[in-house]
Amino acid sequence: MTALLSIDGVTRRFGAVTAVDRLSLEIVENEFFALLGASGSGKTTLLRMLAGFETPDAGAIRLDGADISRMPPNRRPVNLMFQSYALFPHMTVEGNIAYGLEMEHLPRSEIGARVGEIMEITELSPMAKRKPDQLSGGQRQRVALARALVKRPRLLLLDEPLGALDKKLRAAMQLELKRLQHEVGITFIVVTHDQEEALVMADRVAILKDGRLLQCGTPHEVYEHPANRFAADFIGVMNFIEEGGRTLAIRPERIHLFPDRADRTVEGRVTARAYHGLDLQLHVATPLSPKPLLVRLTANAADRRPVAEGDTVTLGWNEADTRQFND
Amino acid sequence: MRGHLAPHRFPEKTRRVQSPNTRSTLLMAPALMWLTALMVVPCGLILALGFFRRGLYGGIEYTFTLENFALIVDPLYAGIFLTSARIAGLATLIAVVIGYAAAYAIAAAPRHRQPLLLFLAVLPFWSNYLIRTYAWIVLLNREGLITQGLRMLGYEGEPPSMLYTEGAVITGLVYNYLPFVILACYAPLARLNPELAEASRDLGASAFTTFRRVILPMTVPGIAAGAVFVFVLSIGNFITPALLGGGRFQMMGNLIYAQFLTANDWPFGAAISMVLIAIMMGLLTIQAIAAEKGAGERREGTDG
């Protein structure tokens, strides 16, 4: 498959700071792509370059093969859903959504039909005449989304789309966004600092740090085969064991308690125990690392073999479940 | 007592406005007493004065009449009123255009430089109104600085007559009240979430369309506040028309001044004053209603 968007050696500097550093990525049509990074990783700068609010100092951004890096934002077939939503407060929900189509000078009847259709999909029809300040956070988020989607862009950019929502709504909206993306058949690029969100929603994830691309792959790849120590630490939770000049990394759910068979075992003492309902997390102090190892047991496993704080336990794991880093 | 009951009767919106206890009443008392003694009472007296008859030798005859108010629609005085309104209106229009542009430029400047630019914009305000107006006489005089400047550039014809014209009066009014407009327009412009303009561009609008459909409508309350200020102060102004208009331009302010100080017709002066105050109150009320209506919208569209 040929790339819809190709980011080729793009650099953006602000004074002495290099926000995005020789970054290259390819994104294919209909993909749900996540840019994952902490604040200051350059993910938002990259998104703003894709939208047209920043111009790269070097490199090229190609959409359908054409270089768009210097094209003004209003000419790009790309739309951005802002983190603050940036809804026009003096316009109704309907007015906000129609705005982008009015800019295309479409016939009134077509604008009406398309606005109506997208309001159906995003369940906004009952609040068509309301102003943004009469909406809940989740409703505003849907207006921002509808306003961008109604333009039928080649590429939809979403800046922390669920950041302002509370936890429960967020989980629901993650799946909702994915459903919507399938329904409208538009390529999505989501910027997020929430690794769980990226894993749940995206087809592929790119991890950014200090303006550089650390790793790019499917959620399974980046979770199970992190390219380096930072990526391993950033995605999910990881135990690190330093030995003989190299770093051994193992996920908490890959460590077994009192294993029948394991490539490696170690004895330790339980220093803390946290019950999460779905699982039980143990902190186990071992001679292997200064920090206690984190072990995650399913509710089932925890019931079979109850442990208390202060207990001495045997931990074990398989070599195949560990990663090694030399940095 | 009202303060205790009101929050239960009215939902959210008024709760914020209601004074919840006696402390705020105490804090407001000095200002209220000051305003009552020096604003409400004198205005009431002036209003009452408007309904009396002028005495034969300038005194006041305490018999009720509506003559003074009827006299205002007399073509002579109605003409003065219309001239005042036209001059004040033009001054307002020019001040709003210049002031809005300046406020826009200040709001677009780097954040750390904005306080200095605002300070410079209001700097003339710290000098005396009369001195500032006299400065314009020095500039616009037949042999003033502008004429001398033209001479230095090789102009040899008749000196242009600029002083004692309607243009000079409007220039003086615009100059004096411009800082109000800049401050009134700067506030909503500075509060505007810059992402709104970006969102508009992103949705396909040109820079001009973005200004017309997003930035301008959202800053109308500031424009209205500044405009009402300039208009109200201009229509009642008597110093600028007297000094820069050379007495050739009678405005409402001059008319009132003359009634009280030279014609000795206090009742008629009072009647014109009241009409002027009524117009001002009307405009300020409309502006306040518009601002209140826009308040909810602005909350959403501003950052921080």
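This is a predicted model: local features need pLDDT of at least 70, side-chain atom pairs count only at pLDDT 80 or more; totals for chains, interfaces and linings use all residues.
Residues are numbered from 1 along each chain as its sequence is written, and chains are lettered from A in the order in which they are written. Local features need pLDDT of at least 70, side-chain atom pairs count only at pLDDT 80 or more, totals for chains, interfaces and linings use all residues, and side-chain values use heavy atoms, without hydrogens and water.

**Two interfaces**

| Interface | Buried area | Share from carbon and sulfur |
|---|---|---|
| Domain 1 of chain A and domain 2 of chain A | about 660 Å² | 41% |
| Chain B and chain A | about 2,200 Å² | 54% |

Buried area is the accessible area (1.4 Å probe) that two parts lose on being put together, summed over both.

**Within chain A**

Chain A is assigned domain 1 (3-229) and domain 2 (241-325); such bounds come from an automatic or database domain assignment. Their C-alpha centres lie 39 Å apart. Eight residues of domain 1 of chain A and seven residues of domain 2 of chain A make the contact (heavy atoms within 4.5 Å). Tyr223(A), Glu224(A) and Arg229(A) supply 73% of the area that domain 1 of chain A buries against domain 2 of chain A.

Two salt bridges link these domains. A salt bridge is a side-chain nitrogen of Lys or Arg within 4 Å of a carboxyl oxygen of Asp or Glu. Arg229(A) pairs with Glu242(A) in a salt bridge, at 2.7 Å from N to O. Helix 7 (residues 219-224) of chain A gives the most to the domain 1 side, with three residues. Helices are DSSP runs (H or I, at least four residues), numbered from the N terminus.

**Between chains B and A**

Here 22 residues of chain B meet 27 residues of chain A. Two salt bridges cross this interface. Glu102(A) and Arg213(B) form a salt bridge, their closest N and O atoms 2.6 Å apart. Helix 10 (194-202), helix 11 (207-235) and helix 14 (266-301) of chain B each give two or more residues to the side that touches chain A. Helix 10 of chain B gives the most, with seven residues.

**A buried glutamine**

Gln174(A) sits in helix 5 (residues 167-184) of chain A. Is Gln174(A) buried or exposed? Gln174(A) counts as buried because its relative accessibility is 7%; buried means under 20% relative accessible area (1.4 Å probe, protein chains only). Leaving out residues up to four places away in sequence, Gln174(A) touches Leu162(A), Glu197(A), Val200(A) and Met201(A).

Definitions and conventions. Buried means under 20% relative accessible area, exposed over 50%, partly exposed in between (1.4 Å probe, protein chains only).
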